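Visitor: I have a structure open and a few quick questions. Can you walk me through it?
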2 protein chains.
Amino acid sequence: MDLKQVEKISKALGDPYRLKLMETINKQQDWLQCSIIIEMFDLSQSTVSHHLKQLLEADLLISEKDGRNCKYKVNKEVISGYKNFLTQLEG
Amino acid sequence: MDLKQVEKISKALGDPYRLKLMETINKQQDWLQCSIIIEMFDLSQSTVSHHLKQLLEADLLISEKDGRNCKYKVNKEVISGYKNFLTQLEG
DNA sequence: TTAACAAATCGATATTCATCGATATATAAA
DNA sequence: TTTATATATCGATGAATATCGATTTGTTAA
């Protein structure tokens, strides 16, 4: 993982709503529907969509189309790679 | 570590210069002098000072006065705590 | 005590980002 | 095909941030 991706991931995690999104999506056994996420947050649909996009572009989430719905889950591999970078900072 | 600190740390790491600062300071055996850091970066003294402040306020760095100089080192405990939060996101 | 130096702070400016309502796109249901 | 629903995108706006030069503060050396 290069510095550019580390920067992108850090930026994506540097927002309270996006942290909550990550926690919420991770709590699910499997995928979480976008429409359910929107109901859970006190933000407009377009703003939630914006935040999900940031997390997707940082590869922190994986999304899949499901009819006219969209579902998300956490990309654990990328989080693991990010943790490896942080481990270097402890070296 | 609460969400507010995770957010602060993430924000602090979400900048290319600050990531470089963390790497640079971590490479040192012990402390790294501020004046040396300033020489190494193509940024004004006030800007470097600003970035170091962000990292300090996120507890990612520890600083110590040394005469009229100032020296820094990485706070490995906080990085460890941050990694623990990320581990939860993998759960 | 004065001069030199290191680092922090201030004030200004340009850029980035979060947020919203409105609109567009795509899919499913009637 | 028309209508309804889910999500993405657009355009605007206000807030936060990065950056700089100038100044201030605190410390050492002359």
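Visitor: Where does A:Asp59 sit?
Guide: In a loop of chain A, between helix H4 (45-57) and strand S2 (61-66). Keep in mind that this is a predicted model.
Visitor: What is its phi, for A:Asp59?
Guide: Near 65°. That is a positive value in a residue other than glycine. Most residues other than glycine have a negative phi.
Visitor: Is A:Asp59 buried, partly exposed or exposed?
Guide: A:Asp59 has 36% relative accessibility, so it counts as partly exposed.
Visitor: And B:Asp59, what is phi there?
Guide: Phi of B:Asp59 is near 65°, again positive in a non-glycine residue. B:Asp59 lies in the loop between H4 and S2 of chain B. Its relative accessibility is 36%, so B:Asp59 is partly exposed.
Visitor: Back up a bit. How many helices and strands in chain A?
Guide: Five helices and three strands. Starting at the N terminus, the order is α-α-β-α-α-β-β-α.
Visitor: What radius of gyration does chain A have, and what would a compact globule have?
Guide: Chain A has 14 Å. For 91 residues, a compact globule would be near 12 Å, so the value agrees. The C-alpha atoms fill a box of roughly 45 × 25 × 20 Å along the principal axes.
Visitor: How much of chain A is buried?
Guide: Buried residues are 43% of the 91 in chain A.
Visitor: And contact order, roughly? What share of the chain A contacts join residues at least 24 apart?
Guide: 57%, counting contacts in chain A between residues at least 6 apart in sequence.
Visitor: How many bridges between S1(B) and S3(B)?
Guide: Two, in the antiparallel sense; S3(B) covers residues 69-74. B:Gln33 has B:Lys71 of S3(B) as its bridge partner.
Visitor: And how many between S2(B) and S3(B)?
Guide: Six bridges, also antiparallel. There, B:Ile62 has B:Lys73 of S3(B) as its bridge partner.
Visitor: Let's pick a residue. Where is B:Glu64?
Guide: In strand S2 of chain B. At 38% relative accessibility, B:Glu64 counts as partly exposed.
Visitor: Which residues does B:Glu64 touch, leaving aside neighbours within four places in sequence?
Guide: B:Trp31, B:Asn69, B:Cys70 and B:Lys71.
Visitor: How far is B:Glu64 from B:Gln33?
Guide: Their C-alpha atoms are separated by 9.6 Å. Along the chain, B:Glu64 and B:Gln33 are 31 residues apart.
Visitor: On to helices. At what angle do H2(B) and H4(B) pack?
Guide: About 75°, with the axes 10 Å apart. H2 of chain B is residues 16-27, and H4 of chain B is residues 45-57. Angles of 65 to 115 degrees count as roughly perpendicular. H2(B) and H4(B) are therefore roughly perpendicular to each other.
Visitor: Which residues make that contact between H2(B) and H4(B)?
Guide: From H2(B), B:Tyr17, B:Arg18, B:Leu21, B:Met22 and B:Ile25. From H4(B), B:His50, B:His51, B:Leu52, B:Gln54 and B:Leu55.
Visitor: What is the split by type in the contact of H2(B) with H4(B)?
Guide: Six nonpolar, three polar and one charged.
Visitor: One last residue. Where is A:Lys83?
Guide: In helix H5 (residues 76-90) of chain A.
Visitor: Why does A:Lys83 count as buried?
Guide: Because its relative accessibility is 15%, and buried means under 20%.
Visitor: What is A:Lys83 in contact with, beyond neighbours within four places in sequence?
Guide: B:Lys83, B:Leu86, B:Thr87 and B:Glu90.

Terms used
Residues are numbered from 1 along each chain as its sequence is written. Chains are lettered from A and ligands numbered from 1 in the order in which they are written. This is a predicted model: local features need pLDDT of at least 70, side-chain atom pairs count only at pLDDT 80 or more; totals for chains, interfaces and linings use all residues. Side-chain values use heavy atoms; hydrogens and water are left out. Axes are lines fitted to C-alpha atoms, for helices over the stretch in contact, and angles run from 0 to 180 degrees between N-to-C directions. Helices (H or I, at least four residues) and strands (E, at least two) are DSSP runs, numbered from the N terminus. Angles under 35 degrees count as roughly parallel, over 145 as roughly antiparallel, 65 to 115 as roughly perpendicular and the rest as oblique. Contact means heavy atoms within 4.5 Å. Ala, Val, Leu, Ile, Met, Phe, Trp, Tyr, Cys and Pro count as nonpolar, Asp, Glu, Lys and Arg as charged, and the others, Gly among them, as polar. Two strands pair if DSSP finds at least two bridges between them. The radius of gyration is taken over C-alpha atoms; the globule rule is 2.2 Å times the number of residues to the power 0.38. Buried means under 20% relative accessible area, exposed over 50%, partly exposed in between (1.4 Å probe, protein chains only).
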